[in-house]
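Please open the structure in your viewer and keep the selection tool at hand.

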Amino acid sequence: MEQYFQHGNTELFYLKSKDKRLAGIIEKVGKVKRRVIPDLFAALVHSIIGQQISTKAHESIWQKTVAKFGEVTPGSILSVSAEELQSVGLSFRKVEYIRFAAEKIRSGEFDLNALYDMPDEEVCARLSSLKGLGVWSAEMLMLFSMQRQNILSFGDLAIQRGLRMIYHHRRIDRRLFEKYRRRFSPYNSVASLYIWAVAGGAVEGMKDYAPKKR
């Protein structure tokens with residue numbers, strides 16, 4: 001059964017009280033449902049699979065992976081050859097990244113469970129130290145697997161686009177971004193769901209104020 005990022009009235013009331021424009025967005029969009037993968041290793045594999053390919057291709061390869069292994073675990077990944085992993089549509093490089101993570105985790109060198117007791121900054125640093133995972137990927141894992149409550153990604157282009165659309169900025173620099181991150185804290189993750197919704201066209205008539213490219 002699919003699971004979704006958990007949030008409710010507490011987070012929504014808080015965000016609406018802090019920002020009138022975001023309050024209007026929340027009212028127009030309604031409850032946002034975004035799928036999560038609670039198992040952190042499976043989510044990590046899902047993240048690596050999706051790099052630099054279309055959403056459709058990502059979902060197709062993920063479904064083939066799940067069909068092949070049933071449960072996506074370090075043990076199930078390492079029980080087959082690299083060639084078998086490639087047979088579901090994975091590139092050589094992605095297979096390398098996935099097997100590297102599986103080996104680190106199975107050996108105990110990288111303790112996934114320990115991440116749950118760490119602060120956000122440390123979790124992000126630890127996850128992004130794995131081959132094939134950068135800061136953005138780590139942040140998405142923190143949000144869409146660990147369900148951390150306070151994630152707003154500066155490196156996410158759709159977040160920047162959504163912020164431009166809501167607040168009529170031509171560009172989002174780090175200073176502006178930090179202003180909004182402080183405003184939405186400690187519920188940046190829920191704010192992110194609505195900013196993504198705006199960037200994806202959920203509210204009719206909103207436009208991107210970024211300068212037109214010549």
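Begin with the largest nonpolar core, which has 70 residues. Such a core is a set of buried Ala, Val, Leu, Ile, Met, Phe, Trp, Tyr and Cys residues joined through side-chain atoms within 4.5 Å. Buried means under 20% relative accessible area, exposed over 50%, and partly exposed in between (1.4 Å probe, protein chains only). Select Leu 22, Leu 115, Leu 163, Phe 184 and Tyr 194, the residues with the most contacts inside this core. Its largest share, eight residues, is supplied by helix H3 (residues 40–49); helices (H or I, at least four residues) are DSSP runs numbered from the N terminus.

The model is predicted: local features need pLDDT of at least 70 and side-chain atom pairs count only at pLDDT 80 or more, while totals for chains, interfaces and linings use all residues. Residues are numbered from 1 along each chain as its sequence is written, and side-chain values use heavy atoms, with hydrogens and water left out.

Next, select Leu 22. Leaving aside residues up to four places away in sequence, Leu 22 touches Leu 15, Tyr 167, Phe 184, Ala 191 and Tyr 194, where contact means heavy atoms within 4.5 Å.

Turn now to the aromatic rings. How many aromatic pairs does the structure hold? There are five. Rings of Phe, Tyr and Trp (its six-membered ring) pair if their centres lie within 6.5 Å; planes under 30 degrees apart count as stacked, over 60 as edge-to-face and the rest as tilted. Select Tyr 14 and Tyr 187, an edge-to-face pair with 5.3 Å from centre to centre and 80° between the planes. Tyr 14 belongs to helix H1 (residues 9–18), whereas Tyr 187 lies in the loop between helix H11 (174–184) and helix H12 (188–199), 173 residues apart. Tyr 14 is partly exposed, at 25% relative accessible area, but Tyr 187 counts as buried, at 18%.

Then select Tyr 167 and Tyr 180. Their ring centres are 4.3 Å apart and their planes at 25°, so this pair is stacked. Tyr 167 is in helix H10 (residues 157–167) and Tyr 180 in helix H11, so the pair ties together parts 13 residues apart in sequence.

Finally, select Arg 148, in the loop between helix H9 (135–144) and H10. Is Arg 148 buried or exposed? Arg 148 is buried, with a relative accessible area of 14%. Its side chain and that of Asp 120 are joined by a polar contact of 2.7 Å (a pair of N or O atoms within 3.5 Å; within protein, one must be able to donate a hydrogen and the other to accept it, and residues adjacent in sequence count only if both atoms are side-chain atoms).

Definitions and conventions:
Helices (H or I, at least four residues) and strands (E, at least two) are DSSP runs, numbered from the N terminus.
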